[in-house]
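Please look at the sequence and the structure before reading the points below.

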Amino acid sequence: MAPPPQASKSQSPSQPSGKGEVSDLKLQLRQLAGSRAPGTDDSKRELFKKVISYMTVGIDVSSLFSEMVMCSATHDIVLKKMCYLYVGNYAKGNPDLALLTINFLQKDCRDEDPMIRGLALRSLCSLRVTNLVEYLVGPLGLGLKDGNPYVRTVAAVGVLKLYHISPSTCIDADFPSTLKMLLLNDSDSQVVANSLSALQEIWSLEASNSEEASREREGLLSKPVVYYLLNRIREFSEWAQCLVLDLVSKYVPTDSNEIFDILNLLEDRLQHANGAVVLATTKLFLHLTLSMADVHQQVYERIKAPLLTLVSSGSPEQSYAVLSHLHLLVMRAPILFSSDYKHFYCQYNEPSYVKKLKLDMLTAVANESNTYDIVTELCEYVANVDVPIARESVRAVGKIALQQYDVNAIVDRLLQFLEMEKDYVTAETLVLVKDLLRKYPQWSQDCIAVVGNISSKNVQEPKAKASLIWMLGEYSHDMLDAPYVLETLIEDWDEEHSPEVRLHLLTAVLKCFFRRPPETQKTLGAALAAGLADSHQDVHDRALFYYRLLQNNVSVAERVVNPPKQAVSVFADTQNSEVKDRIFDEFNSLSVVYQKPSYMFTDKEHRGPFEFSEDPGSLSVGAESVDNVLPAHRVEASDNDLLLSTSEKEESKGLISNGSAYNTSSYDASSVAQATSQLTISNSSGPQPSFAIDDLLGLGPAIAPAPIPAPPSLNLNARAVLEPSSFQRKWAQLPVSLTQEISMNPQGIAALTSPQVLLRHMQAHSVHCIASGGQAPNFKFFFYAQKAEEATTFFLVECVINTSTSKAQMKLKADDQSLSEAFSTLFQSALSKFGMS
């Protein structure tokens with residue numbers, strides 16, 4: 001029995017049936033090119049749709065260029081639109097083929113149909129081919145004087161496109177003057193708007209090269225032009241109104257009467273249905289009245305209702321954008337919005353990003369009169385199934401408590417959160433309880449009574465566990481089980497992956513030791529042993545610091561680790577006032593939504609500090625001649641050199657190092673009693689012998705450090721040379737071999753007053769700088785080095801140093817990636833010696 005025939009599947013228009021599909025299209029288009037038979041345009045439409053469909057999905061149909069141009073000889077506007085779309089897509093990549101389009105586009109620019117004239121002119125200006133610029137001038141000149149407003153609208157934008165292709169051609173043709181005439185005299189509002197947009201951009205770019213252009217740009221802000229545009233603002237589209245309002249916001253009125261005239265004229269724009277127009281008007285009102293305090297407050301009252309209306313109507317995206325601007329205003333004048341707090345209650349169907357911003361708003365508008373209602377509402381959100389919103393709600397309650405509003409009731413609410421038996425709620429609450437205890441120590445008894453019932457095994461998040469450990473150390477005299485809980489945590493040291501938790505654990509154990517020494521003595525020894533053997537540099541350094549501190553003077557150690565503390569009055573704000581003012585100056589822009597000034601996220605030419613640059617070409621070339629470099633003194637420094645006195649270095653040599661291992665001896669009660677008798681915690685003077693503190697803490701006798709492996713055999717060329725262009729090419733081609741964070745020594749940070757200081761030091765180690773820049777606290781360098789034996793093997797390094805955190809971020813690229821580790825070791829060694837001489 002023969003198998004049933006397979007059902008034929010219809011081919012999707014976006015999927016060619018085979019390699020010959022494009023060839024078939026080419027043949028069919030060629031057959032229809034000169035045909036005038038009835039129905040030809042319909043056949044062309046189907047073929048054009050296929051071509052555009054293939055082009056859209058990324059199939060190369062540039063081979064059909066000639067046939068598509070030949071088929072464009074038609075009066076069917078749909079065919080012309082598709083042909084213009086095709087031509088605009090392939091013209092820039094095929095400038096030779098683009099010449100084929102000039103004749104029919106110029107012909108269409110003189111067509112009787114204004115729609116075809118406008119489309120042809122737009123396509124002609126969109127070719128973006130430099131050697132075709134001469135063919136644009138004539139059609140553009142005719143388009144700017146065309147009797148149809150659509151053609152003039154397209155021509156105004158075409159002038160700007162021509163300027164970006166060839167500025168000199170645009171200026172020589174005197175097109176800006178024609179645009180200025182259209183701006184002031186044209187009857188069509190869209191022509192005026194496009195002319196304004198084009199002139200602003202052209203004169204802004206030309207102002208740096210031409211005084212005349214600078215004067216023309218200032219002329220746009222003259223009183224006659226501003227008032228002319230304001231009087232016609234109701235004729236403009238929403239986009240054009242925003243453009244005019246942005247221009248007026250830069251205008252400086254001569255007196256208060258002029259300010260009131262502008263405010264009265266634009267009063268109705270606050271009632272506009274478009275959110276962009278309302279925000280642009282709001283920005284104008286706020287900036288015009290900055291110097292008039294009383295009027296400025298009245299403006300806040302006036303803009304409040306329109307903005308709150310926009311929040312409750314429209315899409316979630318619009319609500320978020322408007323809420324971002326409202327949040328900025330609330331931070332500047334919270335009292336004015338305190339009575340409208342119910343507008344910021346979360347709705348069940350709102351997306352999480354809107355809810356989070358509303359929680360920030362509720363925190364900002366909270367005061368003594370509305371705190372109870374707001375906290376009650378926030379407590380409802382804590383039980384929300386949306387875990388991130390539940391976390392944010394707990395944080396919001398804590399922030400309100402830290403603002404000293406109804407603290408008693410809020411602390412009770414927070415303690416109730418600990419009884420909800422939800423891990424994420426418990427974690428966030430523990431972090432807040434720690435901050436509350438720092439500000440309100442009088443609540444320690446109530447808080448500790450509840451916190452003491454929480455098992456440390458049920459707290460897994462690093463920040464929450466660190467907060468719990470902090471309370472165990474700070475209030476160990478009130479928590480009976482504190483030494484034993486800490487002992488359990490020390491036993492699980494190897495299973496704890498968070499350095500933050502391990503750091504808090506070291507400090508908490510030492511605090512507990514000073515308050516309850518007999519119960520914590522063994523735990524402290526185990527903690528220091530584990531910390532000294534820890535692979536994390538910060539944990540190791542803190543354990544070593546505590547060890548040397550105890551070895552030197554126990555009473556001094558107690559004053560350092562557990563000094564008398566005052567209640568924290570104000571917690572640091574995440575943004576300083578200068579940044580907030582900068583964001584306010586950029587009102588009605590992405591700066592408000594991102595909550596950061598524009599230079600932090602815009603393109604390189606608009607960026608401020610260099611640290612946001614990713615391209616080495618944007619930095620100044622900072623390489624210096626090797627002959628001018630002073631040789632750096634090589635100083636070997638280890639933990640012993642930094643933390644021991646000169647007299648102790650020899651006797652303690654080999655006791656402790658970054659790679660050392662420590663053995664904890666068995667607990668011996670008699671030896672501990674004997675050591676304790678030699679050491680008085682409350683009153684100790686003079687350094688203690690190292691063996692006494694070792695015995696007391698159960699560390700046992702010191703063992704010899706493990707041998708340090710020999711450095712890799714990699715020699716660098718001291719006089720390596722690499723051109724900046726070669727560096728950029730290699731940087732773009734090579735993959736990242738290694739990314740590391742390096743801790744810098746304090747001496748190096750202190751010595752880094754300018755990039756040139758580090759350049760000389762690194763060149764002394766055969767590491768050269770191709771570019772550098774920045775200012776404190778951020779410095780950025782691009783280094784290169786060359787292997788001595790192989791002239792083709794280069795190492796490229798991007799190094800960003802933050803002096804405030806004493807950290808350096810290193811990104812390494814290498815011609816031979818097998819040598820990446822070896823070079824990284826040499827680079828880190830050179831960097832660690834910076835500032836030591």
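Predicted model: local features only at pLDDT ≥ 70, side-chain atom pairs only at ≥ 80, totals over all residues.

Residues are numbered from 1 along each chain as its sequence is written, and side-chain values use heavy atoms, with hydrogens and water left out.

**The chain as a whole**

- The chain has 40 helices and 5 strands; helices (H or I, at least four residues) and strands (E, at least two) are DSSP runs, numbered from the N terminus.
- Of the 837 residues in the chain, 49% are buried, where buried means under 20% relative accessible area, exposed means over 50%, and partly exposed lies in between (1.4 Å probe, protein chains only).
- The accessible surface of the chain is about 41,100 Å², and carbon and sulfur atoms account for 51% of this area; such areas come from the Shrake-Rupley method with a 1.4 Å probe, and for residues only the protein chains shown count as cover.
- Among contacts (heavy atoms within 4.5 Å) with a separation of 6 or more, 67% are between residues 24 or more positions apart.

**Helix α8**

- Helix α8 covers residues 149-165, and its 17 residues should span 24 Å at 1.5 Å a residue, which agrees with the 25 Å between its end C-alpha atoms; the expected span is 1.5 Å times one less than the number of residues.
- Helix α8 is mostly covered, with 12 of its 17 residues buried, including V151, L160 and I165.
- The buried residues of α8 pack against α6, α7, α9, α10 and α11.
- At the start of α8, a side-chain oxygen of N148 comes to within 2.9 Å of the backbone nitrogen of Y150.

**Two residues in other helices**

- A193 lies in helix α11 and counts as buried because its relative accessibility is 3%.
- A193 and L243 are 50 residues apart in sequence, yet their C-alpha atoms are 7.6 Å apart in space.
- Apart from neighbours within four places in sequence, A193 is in contact with W239, A240 and L243.
- E258 belongs to helix α15, residues 256-265.
- E258 is buried yet has no salt bridge, and the nearest side chain of opposite charge, K223, is 4.3 Å away; Lys and Arg count as positive and Asp and Glu as negative, whereas His and the chain ends are not counted.
- When neighbours within four places in sequence are set aside, E258 is in contact with K223, Y227, Y251 and P253.

**Salt bridges**

- A salt bridge is a side-chain nitrogen of Lys or Arg within 4 Å of a carboxyl oxygen of Asp or Glu, and by this rule the count is 33.
- K50 and E21 form a salt bridge, with 4.0 Å from N to O.
- This pair links distant parts of the chain, with K50 in helix α2 and E21 in helix α1, 29 residues apart.
- K50 counts as partly exposed at 33% relative accessibility, whereas E21 counts as buried at 12%.
- D146 forms a salt bridge with R117, and their closest N and O atoms are 3.0 Å apart.
- This pair also links distant parts of the chain, joining the loop between α7 and α8, where D146 lies, to helix α6, which holds R117.
- D146 is buried at 15% relative accessibility, and R117 is buried at 14%.

Note on methods: Polar contact = N/O pair within 3.5 Å; in protein donor to acceptor, adjacent residues only side chain to side chain.
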